Amino acid sequence: DFMPGGALEVKEGDRIIPVINKILPQFELVVATQDWHPENHKSFAVNHSGKNEFEVIELNGLEQKLWPPHCVQETKGADFHPDLRSKPIEAIFR
């Protein structure tokens with residue numbers, strides 16, 4: 001969801017994929033992080049009646065910016081970019 005066309009698009013974010021693929025062989029250990037939210041995540045504006053995306057609320061005593069739903073578990077938006085060479089990844093932290 002951070003790639004072009006995603007819910008929280010980073011303009012031209014996909015331009016990093018060839019760079020990552022090129023340097024992967026230089027590392028003995030490759031790990032990855034993956035944004036991975038349940039659909040009822042408390043940071044999603046839709047889960048707060050009357051609240052809007054990017055509004056800031058207090059949640060458990062802390063400021064929380066409310067986001068559009070993104071990187072929802074088991075959805076395409078949570079997947080790695082299809083051009084990423086994921087075979088060398090030994091561990092994924094969600």
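In this predicted model, contacts between residues at least 6 apart in sequence can be split by separation: 53% of them join residues at least 24 apart.

The chain holds one helix and four strands, and their order along the sequence is α-β-β-β-β. With a radius of gyration of 16 Å, well over the 12 Å that the globule rule gives for 94 residues, the chain is more spread out than a compact globule. Taken along the principal axes, the box filled by the C-alpha atoms is roughly 50 × 25 × 20 Å.

Burial and surface follow. Of the 94 residues, 26% count as buried. The accessible surface of the chain is about 7,000 Å², and carbon and sulfur atoms account for 51% of that area.

The percentages for the chain are listed here.

| Quantity | Value |
|---|---|
| Contacts joining residues at least 24 apart, among those at least 6 apart in sequence | 53% |
| Residues of the chain that count as buried | 26% |
| Accessible surface belonging to carbon and sulfur atoms | 51% |

One local feature concerns the nonpolar surface. Ile16, Val19, Ile23 and Phe27 make a nonpolar surface patch of about 340 Å². Phe27, one of these residues, sits in the loop between helix H1 (17-23) and strand E1 (31-33). Is Phe27 buried, partly exposed or exposed? Its relative accessible area is 48%, so Phe27 is partly exposed. Exposed would require over 50% and buried under 20%.

Note on methods
Residues are numbered from 1 along each chain as its sequence is written. This is a predicted model: local features need pLDDT of at least 70, side-chain atom pairs count only at pLDDT 80 or more; totals for chains, interfaces and linings use all residues. Side-chain values use heavy atoms; hydrogens and water are left out. Patches are made of residues with over 30% relative accessible area and no salt bridge: like charges are joined within 9 Å, nonpolar side chains (Val, Leu, Ile, Met, Phe, Trp, Tyr) within 5 Å. Accessible areas come from the Shrake-Rupley method with a 1.4 Å probe; for residues, only the protein chains shown count as cover. A salt bridge is a side-chain nitrogen of Lys or Arg within 4 Å of a carboxyl oxygen of Asp or Glu. Helices (H or I, at least four residues) and strands (E, at least two) are DSSP runs, numbered from the N terminus. Buried means under 20% relative accessible area, exposed over 50%, partly exposed in between (1.4 Å probe, protein chains only). The radius of gyration is taken over C-alpha atoms; the globule rule is 2.2 Å times the number of residues to the power 0.38. Contact means heavy atoms within 4.5 Å.
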